[in-house]
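User: I would like to go through the packing of this protein with you. Could you bring up the sequence and the model?

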Amino acid sequence: MAELVTALLVKPGETPRTRKVSPDFNSMRRIIGANAEELYPFADAVAVVYDPDGDRIRLPLNVLLKNGSGQPYGAIHGAFLLVGVNRGEYVSLNERQTRRFREMFSRERMSSEKPCSHAERIPALTKSRKRRAFPPAWS
């Protein structure tokens, strides 16, 4: 059996917490949802494993993804995992990454941001938007 890796689980309305997970996509899929996918929105070698159907199946809004100028370009509905990546393999987040992402997705910080109104709803991520928006800078 493969050694477990440390990931950060971010659930809507909860404080992010570390979780030991098996370093294979199917194990992460069971945690997140049957239709999990990966994104690479950060300069760090970190994958976001999320349910791309979260919006369609009406999972609660978890986080708005923002560009460098703070403008939202996508949303993640439902829980997601952050896990390190090295040469195509899942690895543990290091301490710096864990601290950084825990702070980034902390409920206290996010609750102080202005929520989107229904009229300015941010679209869910689509395959075409992910290809343009998420080139892994570290590959």
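**Aromatic residues and the core**

Analyst: This is a predicted model.

User: Which ring pairs with Phe105, and what is the geometry?

Analyst: Phe105 pairs with Phe80; the ring centres are 5.3 Å apart and the planes stand at 80 degrees. The pair is edge-to-face because an angle over 60 degrees counts as such.

User: Where do Phe80 and Phe105 lie in the chain?

Analyst: Phe80 is in strand E7, whereas Phe105 is in the loop between H2 and helix H3 (107-111). The pair therefore ties together parts that are 25 residues apart in sequence.

User: Is Phe80 buried or exposed?

Analyst: Phe80 is buried, at a relative accessible area of 1%.

User: How many aromatic pairs does the structure hold?

Analyst: There are 3 aromatic pairs in the structure. One of them joins Phe42 and Phe101, with ring centres 4.7 Å apart and planes at 55 degrees, so this pair is tilted.

User: What does the pair of Phe42 and Phe101 tie together?

Analyst: Phe42 belongs to the loop between strand E3 (37-39) and E4, and Phe101 to helix H2, so the contact ties together parts 59 residues apart in sequence.

User: Why does Phe42 count as buried?

Analyst: Its relative accessibility is 12%, and Phe42 counts as buried because the cut-off is under 20%. Phe101 is also buried, with a relative accessible area of 0%.

User: Which residues do the ring pairs link into a cluster?

Analyst: The cluster consists of Phe42, Phe80, Phe101 and Phe105.

User: Turning to the nonpolar core, which residues have the most contacts inside the largest one?

Analyst: Val48, Ile76, Phe80, Leu82, Phe101 and Phe105 have the most contacts inside this core, which has 16 residues.

User: Which strands supply at least two residues each?

Analyst: Those strands are E1 (5-10), E4 (46-50), E5 (61-66), E6 (72-77) and E7 (80-86). E4 gives the largest share, 3 residues.

User: What other core lies apart from it?

Analyst: Another core, of 15 residues, lies apart from the largest one; Leu9, Ala79, Leu81 and Val83 are among its members.

User: What does Gln97 touch?

Analyst: Leaving aside residues up to four places away in sequence, Gln97 touches Asp44, Ala45, Val46 and Ser92.

How values were computed: Residues numbered from 1 in each chain as written. Predicted model: local features only at pLDDT ≥ 70, side-chain atom pairs only at ≥ 80, totals over all residues. Heavy atoms only, no water. Core = buried A, V, L, I, M, F, W, Y, C linked by side-chain atoms within 4.5 Å. Buried < 20%, exposed > 50% of the residue type's maximum accessible area, 1.4 Å probe, protein only. Helix = DSSP H or I, 4+ residues; strand = E, 2+ residues; numbered from the N terminus. Contact = heavy atoms within 4.5 Å. Phe/Tyr/Trp six-rings, centres within 6.5 Å; stacked < 30°, edge-to-face > 60°.
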